Amino acid sequence: MPMPPRRPATRLLTALILAGLAFAAGAQDNVRLPDLGSSANALISPQEAQDYGAAMLRQMRALGMVVDDPLLDDYLNDLGFRLVAACAKPRDHFAFFIVKDDQINAFAAPGGYIAVNSGLITITRNESELAGVIAHEIGHITQNHLQRAFEASKKDAPLMALVLLGAIAAGAGSKSGDAPMAVLAGGQGLLAQKQINFTRKDEIEADRAGIQTLANAGFDPDAMAAFFQHMEDVLSTGAGGQAPSFLQDHPVTTDRIADAKARAGALIAAQKLRPSGDTLLKGQWEQITVPMPFVHAPIRLGRSAADPDGLSTYALMRERVRVLSGNAIRLAAWYSTNLKDHPEFDTPANRYGYALALTRSDRGAQAVAQLQPLLKAHRGSLILDLALADAELQAGQRDAALALYRQLNQRSPRNRAVALAYATALTDGGDRQQAATAADLLRPLLENSDQPEIYSAYARASEKAGDSERAGEAFADASYYSGRPFDAMEQLKRLLRRDDLSYYARARIQARIAELTPLVLELRKRRIETPDNPATRDGSQQLQDERCAGRLCLGLDAGSR
């Protein structure tokens, strides 16, 4: 069976580079690991680490490196937080996202940010393998490997500390001596890749912590070793001697695979020694050997579940990742060929992937034809129903699509994927009243959200509904969360000049400018050219402009109200 088409390797600077943000180069096997309570913990606060991680994510969005999709985001975070709840430090901050890169890799970054490449997700064979990779990265964080690497890096080079804290070093095109600040400034030119070199002890620790987390969360603890073995099989059968990125960053040896299998076997054996439910009712809790051991048929919650009729959410999301991170036209041809030539390829997930590829390549009517038989066999699937509504909308069947979106919204209120698709459909091609309904749908989703597409959709809906104040604020927030702080600042300054602003809108805008001012002042001061700041004016004038903006937002200049 032919492999799916792969995109040109134009974004090989993604997870591999950014993995260097989290763990130092130069940490050799002979480095003595400090105690968990080492002074490294005092070098950066949890909030500072979280801020660096958030800045990194915004920068990746600015460079088009992130798959921003509500369905996928909810699925990955549901899976990730199920594992976090079973890990050693469930109270720590974590966030999970997908990198648009077909290289097989994953990485952890400051502040608990964990990314999984689209290429890794599509090569996994089951949800437990995907969970095993995520659990391994969680293990690096819970075992304080970031702090250890940070401590060790101080001996190597002063700027490595900045790399560890979230800076991307600018490439050959940069003449700035402050290149590590490029992650905050927006970055320019090529990005320099930093070689990752974990100690073997770090890798084994992350494996063992991850396997325990897998078992505690109800996944197969053998999955991590199975995935490592799968990667080696990929290398031996078709990689032309080039190891997948995951194996380059996470070197796998026979001893390591054996250790992982032994660890998993011990947990499974411990499950067999666990007392029965009747024994537990008698209060004999001291006999339990593990907190929540691996179970072969766990009660699966939320989007991690398989539907009663056997439709696997994991399999659907794997194909969604493949389509949303690839070339829809080529993928549609790939699905079509395999569905025609290989009967075993004809699964609900692959039919769903084919329909998505058709919709995204402007063939909505064909996508509807693919989805209707699936929905007859799998009634009530929100994922398939949403795909059908999207296909109908693309095929020009707007009324039918709106009716289905409305039903889905009633069934799953505040579902981000449904609300965003429904609101977009109402806004595009709708009247002012429909746009106002769209804005009402999206407004609750803005609370504590950092998703730029939600802010953009809300801005468009508000603008069409006649609420230009809210639209302007939302457009600025969309720019900020997309990694363009200078654009956001300029938009807010323009808004503040309006004479018709309400008191409350003016207060909100002034507060937002006050929040952004320190960041843009620092970036102007360092004179780093960024994608959203071409630095066409004199640097001193830029700095003065931002200082004026800061004074204005604080009400220090005459005429500000």
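Two strands are taken to pair if DSSP finds at least two bridges between them. The views below show a predicted model.

**Figure 1. Strands β2 and β3 form a hairpin.** Strand β2 covers residues 106–109 and is joined by 4 bridges to strand β3, residues 113–117. The two strands run antiparallel, and 3 residues lie between them. Within the turn, G111 has a positive phi of about 80°.

**Figure 2. Aromatic pairs, of which the structure holds 10.** The ring centres of Y405 and Y422 are 6.1 Å apart and the planes meet at 25°, so this pair is stacked. Y405 belongs to helix α19 (residues 398–411) and Y422 to helix α20 (residues 416–427), so the pair ties together parts that lie 17 residues apart in sequence. Both Y405 and Y422 are buried. Y480 and Y481 make an edge-to-face pair, with 5.2 Å from centre to centre and 70° between the planes. Y480 has a relative accessible area of 12% and Y481 one of 17%; because buried means under 20%, both residues fall in that class. Ring pairs also link F81, F94 and F96 into a cluster.

**Figure 3. Arginine side chains placed over aromatic rings.** R82 lies over the face of F219, at 4.0 Å from the ring centre. The charged end of R512 sits over the ring of Y480, 4.7 Å from its centre.

**Figure 4. Helix α22, residues 452–465, is mostly covered.** With 14 residues at 1.5 Å a residue, α22 should span 20 Å, and its end C-alpha atoms are 20 Å apart, which agrees. Of its 14 residues, 11 are buried; among them are I454, Y455, Y458 and A461. The elements that cover the buried residues of α22 include α2 (46–62), α3 (70–84), α20, α21 (432–442) and α23 (468–481). G466 follows α22 and has a positive phi, near 95°.

**Figure 5. Nonpolar cores of the model.** In soluble globular proteins, nonpolar side chains tend to be buried together. The largest nonpolar core contains 114 residues. Those with the most contacts inside this core are L83, L130, I134, I138, Y352, L371 and Y405. Helix α20 gives the most to the core, with 9 residues. Not counting residues up to four places away in sequence, I134 touches L76, L79, G80, L83, F96 and V116. A second, separate core has 13 residues, including M56, M65, V99 and Y113.

Figure 6. G483 is buried, with a relative accessible area of 8%. Leaving aside neighbours within four places in sequence, G483 is in contact with R58, Q59, A62 and D532. The C-alpha atoms of G483 and R61 are separated by 6.2 Å, although these residues are 422 residues apart along the chain.

Key:
Residues numbered from 1 in each chain as written. Heavy atoms only, no water. Phe/Tyr/Trp six-rings, centres within 6.5 Å; stacked < 30°, edge-to-face > 60°. Buried < 20%, exposed > 50% of the residue type's maximum accessible area, 1.4 Å probe, protein only. Lys NZ or Arg CZ within 6 Å of the ring centre and 35° of its normal. Expected span 1.5 Å × (residues − 1). Contact = heavy atoms within 4.5 Å. Core = buried A, V, L, I, M, F, W, Y, C linked by side-chain atoms within 4.5 Å.
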